[in-house]
Amino acid sequence: MANKLGSTVIRVCVGSSNPVKVNAARQAFSQAFPNHIIHCEEMHSPSGVAEQPMSEAETRLGAQNRARYCFENHASHQDMNFFVAMEGGVDEFEEGAATFAYVAILNSEGHLMTGRSANLPLPNKVYQRLLSNDELGDVMDELFNTDNIRQKGGAIGLFTNHAATRESVYTEALVLALAPALHPEHYI
């Protein structure tokens with residue numbers, strides 16, 4: 001897949017300056033398009049949802065809003081191949097509270113691809129703090145005596161002893177969401 005200029009560079013606008021999200025996008029696109037050079041550009045993009053989304057619907061909307069914002073507001077829109085955003089959220093399921101992420105990808109034509117990560121179960125004491133309007137990163141920093149874990153391994157890294165991390169979960173969700181871009185003939 002060459003971009004409009006015929007080069008082997010894929011340009012990705014990432015709706016965040018968080019290094020975890022930017023690295024996840026770079027990793028995902030490098031895995032999905034191994035014969036291309038991946039250039040990621042950060043862009044602040046508002047989610048339009050709460051700082052700590054507390055439902056699947058709100059989390060999905062936050063990711064989609066961020067990706068659409070990048071698509072609509074990037075200064076050199078025509079030079080970008082993809083516009084990507086990730087949003088972490090929390091919800092209560094039959095099995096209990098969990099954190100997860102939604103990812104949204106818009107291609108240069110504006111086709112939206114959305115994906116979701118797996119769930120990480122949350123202890124009830126953590127979930128209760130979130131219901132009281134605390135953010136997961138802040139609660140985890142306090143619980144594990146870390147600093148700014150949201151820009152590192154996240155709750156996922158802490159609760160899995162780093163067998164998985166926030167970045168690895170975002171990367172996997174992005175790779176899966178890219179399936180329609182990899183095989184458009186099957187997603188018509």
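This is a predicted model: local features need pLDDT of at least 70, side-chain atom pairs count only at pLDDT 80 or more; totals for chains, interfaces and linings use all residues.
## Strand β4 and its cover

Strand β4 spans residues 96-107 and is mostly covered, since 11 of its 12 residues count as buried. The strand pairs with β3, with β5 and with β6, and these pairings are taken in turn below.

## Pairing with β3

Strand β3, which covers residues 82-93, runs antiparallel to β4 and is joined to it by 12 bridges. Two residues lie between β3 and β4, and the two strands form a hairpin. Within this pairing, Glu-87 stands opposite Tyr-102 of β4.

Tyr-102, which has Glu-87 opposite it, has Arg-116 as its bridge partner in β5. The hairpin of β4 and β5 has four residues between its strands, and in this hairpin Gly-110 takes a positive phi near 90 degrees.

Strand β6 consists of residues 120-121 and runs antiparallel to β4, with two bridges joining them. In this pairing Ala-98 has Pro-121 of β6 as its bridge partner.

## The nonpolar cores

The largest nonpolar core contains 25 residues, and those with the most contacts inside it are Val-12, Phe-29, Phe-82, Met-86, Ile-105 and Leu-174. At least two residues of this core come from each of β1 (9-14), α1 (19-32), β2 (37-42), β3, β4 and α6 (166-177). Helix α1 provides the largest share, with seven residues.

When residues up to four places away in sequence are left out of the count, Ile-105 touches Phe-29, Phe-82, Phe-83, Val-84, His-111, Leu-112, Met-113, Leu-174, Ala-177 and Leu-178. Among these contacts, Phe-29, Phe-82 and Leu-174 are listed, like Ile-105 itself, with the residues that have the most contacts inside the largest core.

Met-80 is found in the loop between α2, which covers residues 56-73, and β3. Met-80 counts as buried because its relative accessible area is 0%, and the cut-off for that term is under 20%. From Met-80 to Ala-32 the separation is 48 residues in sequence and 17 Å in space, taken from C-alpha to C-alpha.

Note on methods: Residues are numbered from 1 along each chain as its sequence is written. Side-chain values use heavy atoms; hydrogens and water are left out. Buried means under 20% relative accessible area, exposed over 50%, partly exposed in between (1.4 Å probe, protein chains only). Two strands pair if DSSP finds at least two bridges between them. A nonpolar core is a set of buried Ala, Val, Leu, Ile, Met, Phe, Trp, Tyr and Cys residues joined through side-chain atoms within 4.5 Å. Contact means heavy atoms within 4.5 Å.
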